Amino acid sequence: MTHLPCCLSDRTVPLLPLLAVLLAASVIKVSAQNAADFHEPPQAQAMGVSTGPPRAAVKDAKMRPITAGGFVDGAPVVFEDVTSSSGLDNFLHRSGSREKAMILESVGSGVALLDYDNDGWLDIYLLNGSTVPAQNGKEPPPRAMLFHNNHDGTFRDVTEKGGVANERWGFGVAVGDYDNDGWADLYVANFGKNRLYHNNHDGSFSDLAVKAGVALGGWSTGPTWGDYDHDGFLDLFVPGYLKFDPNHPPTPGRGGIPASSCQFRGVGSMCGPLGLTGELDHLFHNNGNGTFTDVSEAAGVADSQGYYGLASIFVDVDDDGWLDLAVANDSVPRYLYRNLHNGKFEDVSYVSGFALTDNGLAQASMGIAAGDYNRDGRLDFYVTAFSDDFNTLYRNDGNVSFSEVGFQASVSNITIPFLGWGTGFLDFDNDGLLDLFVANGHIYRWVDQRDWGTTWAQRPLLFRNLDGTRFAEVPPATGSGLAAVIPARGAAFGDLFNDGHTDVVVNNMDAHPTLLRNVAKNDNHWISLKLVGGAGSPRDAIGAKVFVAAGRVRQRADVFSGGSFSSSSDVRVHFGLGAVSDIDKLEIHWPSGKIEVLNKPPVDRILTVVEGRGLTAK
């Protein structure tokens with residue numbers, strides 16, 4: 001959520017390669033229309049929003065901003081908004097004042113999908129925000145809520161029994177079985193002390209964050225679990241956002257805060273993040289006995305620059321069998337750390353091409369998705385950004401090298417009026433190609449009062465993968481879930497109804513959540529896998545890779561925790577198979593390093609595979 005052009009930031013300029021700075025200073029200014037015609041990003045101008053200049057308003061035929069319009073009568077409905085009938089409307093998010101005068105109030109919260117009671121059905125955990133009076137003990141704090149899946153399309157509130165109300169200013173959540181007992185645990189990142197909710201196996205959780213040494217303080221955001229050192233236990237990475245005192249918020253022109261860092265398009269706004277002091281990031285090594293050790297400095301991932309972290313994800317980007325780490329930072333360069341196999345990471349953010357845009361500029365990166373969209377066997381990234389900027393698709397070219405291909409793939413230009421948050425790769429139509437979903441919503445309520453073509457509440461975007469190289473926006477059918485105009489933040493993905501279709505849960509700012517049920521109609525086949533790690537692997541198999549060969553096509557899916565924006569999705573891996581009804585080979589690369597092959601597994605099923613024992617249940 002940047003308010004200054006990042007290339008003018010004191011903390012950014014010294015870090016940019018000289019060539020990138022020179023290019024950024026000498027770019028030719030092209031109009032948004034020309035950029036659309038040639039699928040190239042508009043160039044930067046010296047003004048206060050991300051890498052792009054103010055854009056002309058984009059409106060639909062009814063003169064509505066495209067962020068809250070563009071609905072298509074008669075278009076196929078692929079997602080239905082079933083929030084009310086599901087019971088999730090019993091949750092109401094709250095974050096500070098309606099005016100959102102402080103950045104603390106504007107960021108919003110994540111959501112997690114997890115099977116906390118091991119009944120084979122995904123449950124939903126929704127984080128809540130807070131208020132300054134609640135923080136000061138002057139009013140009851142908003143509560144997070146845990147919803148149990150009733151197996152009939154409805155969910156019931158089990159927060160009280162679960163003991164997971166949090167009652168702190170919640171931002172990020174990640175699911176991981178950190179003690180390998182076979183039950184999913186929760187890590188919650190807050191403004192203030194964080195929580196480590198240990199699953200007690202009886203429907204309740206206990207907060208062991210202080211005892212485990214992971215409570216921290218300050219302002220934490222989107223965490224991720226992963227076994228970075230191959231000891232069979234999940235480790236924890238927690239990004240830090242910025243240092244902030246809600247009782248003494250920053251004032252433009254005072255305390256070293258430039259007035260320009262408290263503006264958007266020349267209009268006075270909340271201050272930050274540029275001009276404010278960033279929080280450090282933290283990597284906690286799992287000691288295997290219920291406690292953790294902070295190894296951030298020794299591992300080289302402490303964020304000595306004090307960047308503003310919002311989302312993170314452990315994934316193996318170079319396929320050497322060791323988990324690497326990607327971090328989406330707000331208004332400053334992104335981080336990509338390569339695992340060196342010795343407990344340390346190498347910062348390859350710049351040399352990989354992931355830190356900056358092709359113009360050598362940083363973005364306000366909110367959310368991050370990882371997936372093999374072009375079926376070349378390598379993980380790619382998609383990163384969401386601020387309005388007047390564009391979301392970026394990074395193709396993994398191998399050798400820790402990424403190419404920015406969003407405009408060529410048609411998943412960048414249309415995003416410019418939108419402000420993106422939670423995002424994920426998912427095969428919504430089970431055709432064997434990963435599609436893209438983006439949850440959107442602005443941080444300034446008053447943008448609705450300007451004729452800028454953007455809005456506070458915004459509709460989501462769904463891009464259908466056409467051929468592994470290009471995407472097309474799925475038309476938002478009037479009245480459907482894609483036409484839901486919501487102030488979205490966190491988004492999580494998973495098969496909530498066990499029907500072979502990936503659904504989406506969105507946590508909205510100061511509003512009820514949105515449950516989008518996948519109702520895409522076709523006869524495509526699919527397969528989903530719940531993996532159970534054995535000796536040498538985390539029990540929930542986070543870090544595993546699965547390859548499915550069917551119909552002359554080889555697909556990849558990874559088990560990971562975190563990502564999106566401050567959210568955590570279904571750890572089961574899902575593959576659409578299109579018209580193919582037979583799988584030739586299913587290959588699992590376990591975190592332990594073992595490779596297991598299943599020949600001719602059944603399709604249209606959710607299968608359980610235990611490491612070393614093969615298929616154990618359907």
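Residues are called buried at under 20% relative accessible area, exposed at over 50% and partly exposed in between, with a 1.4 Å probe and protein chains only. The model is a predicted one, in which local features need pLDDT of at least 70 and side-chain atom pairs count only at pLDDT 80 or more, while totals for chains, interfaces and linings use all residues. Residues are numbered from 1 along each chain as its sequence is written, and side-chain values use heavy atoms, leaving out hydrogens and water.

Both C262 and C271 are buried. They form a disulfide, with their sulfur atoms 2.0 Å apart; the criterion is a pair of cysteine sulfur atoms within 2.5 Å. The count of disulfides by this rule is one. The link of C262 and C271 is right-handed, with 110° about the S-S bond.

Nonpolar cores were taken as sets of buried Ala, Val, Leu, Ile, Met, Phe, Trp, Tyr and Cys residues joined through side-chain atoms within 4.5 Å. The largest has 47 residues, and W219, F244, L283 and F345 have the most contacts inside it. Two or more of its residues come from each of β6 (169–176), β16 (309–315), β17 (324–329) and β18 (335–339). Strands (E, at least two residues) and helices (H or I, at least four) are DSSP runs, numbered from the N terminus. Another core, of 36 residues, lies apart from the largest one and includes Y187, L529, F575 and I588.

Contact was set at heavy atoms within 4.5 Å. With residues up to four places away in sequence not counted, F244 touches M102, I103, L104, F191, W219, P249, P250 and L276.

D235 is found in strand β11 (residues 235–238). D235 counts as buried because its relative accessibility is 0%. Its contacts, leaving aside neighbours within four places in sequence, are T224, W225, G226, D227, Y228, D229, F284, H285, N286 and F314. The pocket search used a 1 Å grid over the protein atoms alone: a pocket is an open set of points where a 1.4 Å probe fits, with protein on both sides within 12 Å along at least five of seven lines, and lining residues have an atom within 4 Å of a point. The largest pocket has a volume of about 540 Å³. Of its 25 lining residues, D115, N118, G182, K530 and V571 are the closest to its centre. β31 (525–532) is among the strands that each supply at least two lining residues, and β31 gives the most, with three.

Conventions
Grid points are joined across faces, edges and corners, and a volume is the space filled by probe spheres set on the points.
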